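The sequence and the model are shown first.

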Amino acid sequence: MFAHYFTPYPLSLDNASADSDYYTRNYLRPDGENGKHERYGGLLRDRPLPVAPKDGDWEYANLRQEVRTARGAGIDGFTLDLLSLTGRNRERADLLMRAAHEVDPAFKVMLMPDMTSLDTDDPAVLADALAALARYPAAHRLGDGRLVVSPFKAEEKSPAWWTRMMDTLRDRYGVRTALVPLFLDFGAHNEAYAPISYGFSEWGSRSYAGQEGATADVDRAHGLGKIWMQPVSVQDARPNQGIYDEAGNTATLRTTWTHAIDDGADWVQLTTWNDYSEGSQFAPSLHNGYAYLDLTSYYLTRFKTGQWPRIVRDTLYLTSRTQFAASGPTGGQSLLMSPRKGSAAPRDTVEVLSFLTEPATVRTTVGPARDEHAAPAGPHAELLPLKPGTSSAEVVRDGRTAASVELPYRVDGTVAVQDLQYYAATSGRDEAPR
């Protein structure tokens, strides 16, 4: 059970207070970085949950904190997106390898060279970089000692190229490799890469309507004698690329987890832990708190143990956007996001996802609309029409409130910047996201 770690977005970029740090000044503002992101309304719509400035080696301390957070949620390791072989992203990769082992020697880091960004066509150069990272105890290896390498967009290089890379690792460094290619198009490439691969994965669709082929992918991988690493996602909205997937509140998260469990996936990769430029983060964030991470812990327990965890307290998850899908921004944004091909149709809904110890009434407020519905024991999703204003929900049983949650973000009919990410809150935490 892994989560995809994206080095450009650690907890802090400058160890400054959150009200004036680099995220706030430059990534969340349309005029940030000297107007570089003005065309699409700013680079990001969310950010890591703010942390206080620290003394000493603050960057290393923050990476240790991220490992602790992931481990506490039941995640076994990170898949480390290797964007470059030099510079800050490479330096953070080294720090993360150290931090993972220091926090928990059982927490592993799977090396994922990103073939969309690495600036080398020489397999020996990549082998040299992987060998250096393989020296860290945190590097993920199989029980037989093979180093697991899972290249992102593996089809960017031919099977022969990857064979030369693995031969160099073996002959020059004595490192045997278990290759687990991650494809953007698994169906087109799996047979060609099967002879050199231990397993397969795919980046996958980020919409609940795009999961029809997931079962066939697992079956195809197993039919070739390979393990399958299932992508599990929550949502995807990319302002700087002008595309998004309709996640349907938590429908994508629940659907991708259901496929991982029911289809017999061997490993899972959360896509992603912290890629805020894709809006795909599971990590605790400013607008979602711990909601998506807490929710995924429920499913990963079933994935790992074969048993659904017992619900011991009533818990609510409330999700919605802060604007209507068709809203046109009033600011200077000229590049707008449109649904990706294959995505579900855009929808304007509030979802109340309840996990109840026994049946109860759930009372809801969405803007001016008040309603209630009967919810059964166990998990249950109820959809309500999105309306201007704020949303809240409470569990009522025998005349008493057993749990309550409020999403502390207003839905407005007029917006300055397009923001199509779903925001989330949970009653399972004392503090709501800000």
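The model is predicted.

## Nonpolar cores

The largest nonpolar core comprises 85 residues. Those with the most contacts inside this core are Ile75, Phe78, Trp162, Met165, Trp257, Leu270 and Trp273. Helix H10, spanning residues 291-305, gives the most to this core, with 8 residues. Apart from it lies another core, of 20 residues, including Val350, Ala360, Val362 and Tyr409.

Leaving aside residues up to four places away in sequence, Ile75 touches Met1, Phe2, Ala3, Ala70, Phe107, Leu270, Trp273 and Leu293. Two of these partners, Leu270 and Trp273, are themselves listed with Ile75 as having the most contacts inside the largest core. In soluble globular proteins, nonpolar side chains tend to be buried together.

## Strand pairing

Strand E2 (residues 77-82) is mostly covered, with 6 of its 6 residues buried. Gly77, Thr79 and Asp81 are buried on one side of E2, and Phe78, Leu80 and Leu82 are buried on the other. In a regular strand the side chains alternate between the two faces of the sheet.

E2 pairs with strand E1 (residues 2-6) through 5 bridges, and the two run parallel. Strand E3 (residues 108-113) also pairs with E2 in the parallel sense, over 6 bridges. Strands E18 (residues 389-397) and E19 (residues 400-411) run antiparallel and are joined by 8 bridges. E18 and E19 form a hairpin with 2 residues between them, and Asp398 in the turn has a positive phi of about 55°.

An open sheet of 3 strands has the order E9-E10-E13, with mixed pairing. Strands E9 (236-238) and E13 (338-339) stand at its edges with a single partner strand each, so one side of each is left without a neighbour in the sheet. Strand E10 (residues 243-245) runs parallel to E13, and 2 bridges join them.

| Strands | Bridges | Direction | Facing residues |
|---|---|---|---|
| E1 and E2 | 5 bridges | parallel | Phe6 and Asp81 |
| E2 and E3 | 6 bridges | parallel | Leu80 and Leu111 |
| E10 and E13 | 2 bridges | parallel | Ile243 and Ser338 |
| E18 and E19 | 8 bridges | antiparallel | Val395 and Ala403 |

Helix H7 covers residues 186-193. Its residues Phe186, Asn190 and Tyr193 are buried. They cover an arc of only 85° around the axis, which puts them on the same side of H7. The face turned away from this buried side carries the exposed residues Ala188 and Glu191. Among the elements that cover the buried residues of H7 are helix H6 (159-173), E6, strand E7 (199-202), helix H8 (214-223) and strand E8 (227-232).

In H8, the buried residues are Ala214, Asp217, Val218 and Ala221. Seen down the axis of H8, these residues fall within an arc of 95°, so they line one face of the helix. Their cover includes H7, E7, E8 and helix H9 (251-262). After H8 comes Gly225, whose phi is positive, near 80°.

## Aromatic rings

A search of the whole structure finds 25 aromatic pairs. In one of them, the ring centres of Phe183 and Tyr193 are 5.1 Å apart and the planes stand at 70°, so the pair is edge-to-face. Phe183 belongs to strand E6 (residues 182-183), Tyr193 belongs to H7, and the two are 10 residues apart. Phe183 counts as buried because its relative accessibility is 0%. Tyr193, at 3% relative accessibility, likewise counts as buried.

One aromatic cluster is formed by Trp257, Tyr298, Tyr299, Phe303, Trp308, Tyr317 and Phe355. Trp257 is also among the residues with the most contacts inside the largest nonpolar core.

Two arginines lie over ring faces. Arg98 is placed over the face of Tyr60, at 4.3 Å from the ring centre, and Arg429 lies over the face of Tyr290, at 3.9 Å from the ring centre.

## A buried loop residue

Which residues does Gln418 touch, not counting residues up to four places away in sequence? Its contacts are Arg45, Gln323, Pro329, Gln333, Leu336 and Met337. Gln418 lies in the loop between E19 and strand E20 (423-426). With a relative accessibility of 3%, Gln418 counts as buried.

How values were computed:
Residues are numbered from 1 along each chain as its sequence is written. Side-chain values use heavy atoms; hydrogens and water are left out. A nonpolar core is a set of buried Ala, Val, Leu, Ile, Met, Phe, Trp, Tyr and Cys residues joined through side-chain atoms within 4.5 Å. Buried means under 20% relative accessible area, exposed over 50%, partly exposed in between (1.4 Å probe, protein chains only). Helices (H or I, at least four residues) and strands (E, at least two) are DSSP runs, numbered from the N terminus. Contact means heavy atoms within 4.5 Å. Two strands pair if DSSP finds at least two bridges between them. Rings of Phe, Tyr and Trp (its six-membered ring) pair if their centres lie within 6.5 Å; planes under 30 degrees apart count as stacked, over 60 as edge-to-face and the rest as tilted. A charge sits over a ring if NZ of Lys or CZ of Arg is within 6 Å of the ring centre and within 35 degrees of the ring normal. The arc is that of the directions from the helix axis to the C-beta atoms.
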